[in-house]
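Here's a quick tour for anyone meeting this structure for the first time. Have a look at the sequence and the model, then read on.

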Amino acid sequence: RPAIVVLHYPLDMSPPYALSQTGLEAHREYSRRVSEVLDRYGRVKLVASGHFHCTTNPVSPSGRMHLTTAAFSEAPFQVRLVEIQPGCM
């Protein structure tokens, strides 16, 4: 059965944010380590996250959707409703 993982920090830096070289390297290492774990589990079809206050939905090379939603406590007050239907994952 498909699985969904929820993270605070997104795995993708999209759109790119101005980070120090140290911050950028730390995020790349975080993303690499988490992706390495997720890649071991083919059941993970959706990774939902926030933190960067932007809305994106890239798909990883393995076919996992990485969904990031902007904050619901500040403008533009976004939320997402994810509807999962049989056979969609």
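## The two sides of helix α1

T22 and R33 are exposed residues on the face of α1 that is turned away from its buried side. Keep in mind that what you're looking at is a predicted model. On the buried side, the residues are H27, S31, V34, S35 and L38. Looking down the axis of α1, you'd find these buried residues within an arc of 100 degrees, so they line one face of the helix.

How far does α1 reach from its first C-alpha to its last? The helix takes in residues 21-39, 19 residues in total, and spans 26 Å, close to the 27 Å expected at 1.5 Å a residue.

## What lies over the helix

So what covers the buried residues of α1? The cover includes β1 and β2. These two strands pair with each other in the parallel sense, over 4 bridges, and V5 has V47 of β2 as its bridge partner.

β2 also runs parallel to β3, joined to it by 4 bridges. Here A48 is partnered with L67 in β3. As for β2 itself, 5 of its 6 residues are buried, leaving the strand mostly covered.

## The nonpolar core

Which residues make up the largest nonpolar core? There are 6 of them: A3, L11, V34, L38, V44 and V47. Two elements, α1 and β2, each give two or more residues to this core. In soluble globular proteins, nonpolar side chains tend to be buried together.

Leaving aside residues up to four places away in sequence, L38 touches V5, L11, V44, V47 and R64.

## R64, tucked into a loop

You'll find R64 in the loop between β2 (44-49) and β3 (65-68). Is R64 buried or exposed? Its relative accessibility is 4%, so R64 counts as buried, the cut-off being under 20%.

The side chain of R64 has polar partners, among them the side chain of D39 at 2.9 Å and the side chain of H66 at 3.3 Å. R64 also sits 6.9 Å from V44, C-alpha to C-alpha, though they are 20 residues apart in sequence.

Definitions and conventions
Residues numbered from 1 in each chain as written. Predicted model: local features only at pLDDT ≥ 70, side-chain atom pairs only at ≥ 80, totals over all residues. Heavy atoms only, no water. Buried < 20%, exposed > 50% of the residue type's maximum accessible area, 1.4 Å probe, protein only. Polar contact = N/O pair within 3.5 Å; in protein donor to acceptor, adjacent residues only side chain to side chain. Pairing = 2+ DSSP bridges. Expected span 1.5 Å × (residues − 1). Arc of directions from axis to C-beta. Contact = heavy atoms within 4.5 Å. Core = buried A, V, L, I, M, F, W, Y, C linked by side-chain atoms within 4.5 Å.
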